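The sequence and the model are shown first.

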Amino acid sequence: MKKLLSILLIIIFYSGFLSAQENFRSNIQSKDSNQIINYVFDDIEISIREGNVGRLSKYLGAQTYFSLSNGVNGYYSPNQAYYILEDFFNLYKVTAFKFNQISKDKISPYATGTFSFDNKGKRNTAKVYISLKKIGDKWNITQLTIN
């Protein structure tokens, strides 16, 4: 009877330990995911602030939806998107950019911000919306709106 009680206590202790370990692992993965999303949005923010299409293009997926203030609207391949963004940043010279809000939802994170630019000698601002989706092990921009 003592042996059975000892085995039972060991099983209960071990299952509690495994459960705690799984919760710990889940918390670490959640923190890692948040850190990666933060890094991606930081990198995107810097890319837009610098008007650096090459740096931004690494986040373009197979099909990215654009809605830009210069009339560009629709889904574009990474190659098309590169040239669309290059034209956009040449027309609208970035003077400042900052994300105001970042949602770190694990399935579809997004960020909104304010885009300040110079166009034909006039300064103006536009609202920016960017959403991401994880495809494989990479975060891709699924939508980029600047209006």
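Contact here means heavy atoms within 4.5 Å. The model is predicted.

## Serine 47 and its surroundings

Serine 47 is part of helix α1. Its relative accessible area is 0%, so serine 47 is buried. Neighbours within four places in sequence aside, serine 47 is in contact with Asn52, Arg55 and Leu56.

## Nonpolar core

The largest nonpolar core comprises 32 residues, and Ile44, Phe66, Phe115 and Ile130 have the most contacts inside it. At least two residues of this core come from each of α1 (2–50), α2 (53–57), β1 (60–68), α3 (78–91), β3 (93–103), β4 (110–119), β5 (122–135) and β6 (138–146). In soluble globular proteins, nonpolar side chains tend to be buried together.

Phenylalanine 115 illustrates the packing. Not counting residues up to four places away in sequence, the residues that phenylalanine 115 touches include Ile48, Phe88, Phe89, Tyr92, Val94 and Phe97. Asn124, Thr125, Ala126, Val128 and Ile146 are also among them.

## Pairing of β1

β1 pairs with β6 in the parallel sense, over five bridges. In this region leucine 68 stands opposite isoleucine 146 in β6.

The pairing of β1 with strand β2 (residues 73–76) is antiparallel and runs over four bridges. Here serine 67 stands opposite asparagine 73 in β2. β1 and β2 form a hairpin with four residues between them, and glycine 71 in the turn has a positive phi of about 100 degrees.

## Salt bridges

The structure holds four salt bridges. In one of them, arginine 55 pairs with aspartate 43, with the closest N and O atoms 2.5 Å apart. Aspartate 43 is buried, its relative accessible area being 2%, whereas arginine 55 counts as partly exposed because its relative accessibility is 28%.

Arginine 55 also forms a salt bridge with glutamate 50, where the closest N and O atoms are 3.8 Å apart. Through shared partners, salt bridges join Asp43, Glu50, Arg55 and Lys58 into one network.

Another salt bridge links the side chains of glutamate 45 and arginine 49 (3.3 Å, N to O). Glutamate 45 and arginine 49 are four residues apart in helix α1, and therefore about one helical turn separates them. Glutamate 45 is buried at 8% relative accessible area, while arginine 49, at 37% relative accessibility, is partly exposed.

Technical notes:
Residues are numbered from 1 along each chain as its sequence is written. This is a predicted model: local features need pLDDT of at least 70, side-chain atom pairs count only at pLDDT 80 or more; totals for chains, interfaces and linings use all residues. Side-chain values use heavy atoms; hydrogens and water are left out. A nonpolar core is a set of buried Ala, Val, Leu, Ile, Met, Phe, Trp, Tyr and Cys residues joined through side-chain atoms within 4.5 Å. Buried means under 20% relative accessible area, exposed over 50%, partly exposed in between (1.4 Å probe, protein chains only). Two strands pair if DSSP finds at least two bridges between them.
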